[in-house]
Every structure is written in C-alpha cells, then in structure tokens.
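Hi,

Here is the structure I promised to send over. Have a look at it first, and then read on for what turned up.

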Amino acid sequence: MTTVHIRVAGREHLDEAATIWAEATAARDGGTEVAPLSLARPVIELVIERSPRSLLVVALDADDRVAGFAAVEPTSADESTAGIRYLAVRPDSWGAGVGRQLMLALPDLLAAAGYTRGELDVYLDNTRAVTLYEGFGWTPSGDAAPHPRTGRLEQRYRLDL
C-alpha cells in the first residue's frame, strides 16, 4: 500500500488534479486518448471556483506528487451537503490504497468544513468505485438514472457525516 498524506489544497494542485481526471477517465473507459489539460482543467476549476466553500482535497505521495484528489462543492439543493463532483486516483496508483485513504479521510475533512452530509454520483458499471464507496458506508439514494451525456446508468450515493 502506498501511504499518502490527505489534505485540503489550494489551486497549486489544480493542474495535477485535472491531469489525473483525464488519465483516470480514459483508463476507466478503456480509451487510448487522454483529454489535454486545456480541456480537463476547466472542468475541475469550475467546481473549485463555484463557491467559497468548495474544496480540492489531495492525496500526496512521499514525493509530494498528487496521487488522487476529490473536488467538492456545496450542492445547489442544500448548502450543508458536500457534493463530491470529481474523485480520481492516478491510474499508476490504482490498487495501492490511495482511493481507500481518500475515502477514509473525506468525512472528517468535510465535517471540519461545516458539511453534514456527503453526496456523489457514480456510474454503476464502475464496480471498483461502487465497491469502494459502499465499503465506507456510502448508501444509494434514489433510483439509478441514465447520465444525460453518456447514457450510462448513474447512481447517487450519500453519507451522513
């Protein structure tokens, strides 16, 4: 297992987080083409800049390289609910426990930021992520629905903090 240090970061790790998102989604979906930073960065940046309560949580390895991250913002329906919009681990760190360490640290970090619940959406065919979330007590909320862009079934999960 790779030991990482989990912390709330500033914009200094935004490019690394966006690169991880592009690499991880390509690997997850079996794609060979990774989105360039110019396309990936605005997606993560939008979440981080949308609210003063938004957070970029990073998992730093022993070399201070970002191995994983979560981009969080308050949900539009309830400011006390943290919407985890993006959560990813660098593909070369898959299976090394980085995701587990992020999921273990997130509830305390979210509670410290004033949130009372966490919420995230996951593709149901991403069984690795579903298993991880359920293993940390996240429970399905509502019915799965097709993602508006991809059509893949997506399920919302929640955790009371």
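Which strand is glutamate 119 found in? Glutamate 119 sits in β5, where helices (H or I, at least four residues) and strands (E, at least two) are DSSP runs numbered from the N terminus.

Before the rest, a word on the ground rules: this is a predicted model, with pLDDT of at least 70 needed for local features and 80 or more for side-chain atom pairs, while totals for chains, interfaces and linings use all residues. Residues are numbered from 1 along each chain as its sequence is written, and side-chain values use heavy atoms, leaving out hydrogens and water.

Back to glutamate 119. It is buried, at 7% relative accessible area (buried is under 20%, exposed over 50%, partly exposed in between, with a 1.4 Å probe and protein chains only). Not counting residues up to four places away in sequence, glutamate 119 touches Thr75, Thr81, Ala82, Gly83, Ile84, Trp138, Arg156, Tyr157 and Arg158; contact here means heavy atoms within 4.5 Å.

Now the cores. A nonpolar core is a set of buried Ala, Val, Leu, Ile, Met, Phe, Trp, Tyr and Cys residues joined through side-chain atoms within 4.5 Å. The largest has 28 residues, and Ile84, Leu106, Leu110, Tyr133 and Trp138 touch the most other members. At least two residues each come from β2, β3, β4, α3, β5, α4 and β7, with α3 giving the most, at 6 residues. Leucine 110 is in contact with Leu55, Val72, Ala82, Ile84, Tyr115 and Leu161, leaving aside neighbours within four places in sequence. Apart from this core lies another, of 20 residues, with Ala22, Ala40, Leu60 and Ala88 among them.

- Just after α3, glycine 114 takes a positive phi of about 95 degrees.
- α2 (residues 37-50) buries Ala40, Ile44, Glu45, Val47 and Ile48. These pack against α1, β2, β3 and β4.

What about the rings? There is 1 aromatic pair, counting Phe, Tyr and Trp rings (the six-membered one for Trp) with centres within 6.5 Å; planes under 30 degrees apart are stacked, over 60 edge-to-face and the rest tilted. Tryptophan 21 and tyrosine 86 have ring centres 4.8 Å apart and planes at 75 degrees, so they are edge-to-face. Tryptophan 21 is in α1 and tyrosine 86 in β4, so the pair ties together parts 65 residues apart in sequence.

Two arginines also meet rings: arginine 53 lies over the face of tyrosine 115, 4.1 Å from the ring centre, and the charged end of arginine 152 sits over tyrosine 123, 3.8 Å from its centre. The rule is NZ of Lys or CZ of Arg within 6 Å of the ring centre and within 35 degrees of the ring normal.

Lastly, aspartate 64, in the loop between β2 and β3, has a positive phi, near 60 degrees. Aspartate 64 is exposed, at 55% relative accessible area.

Cheers
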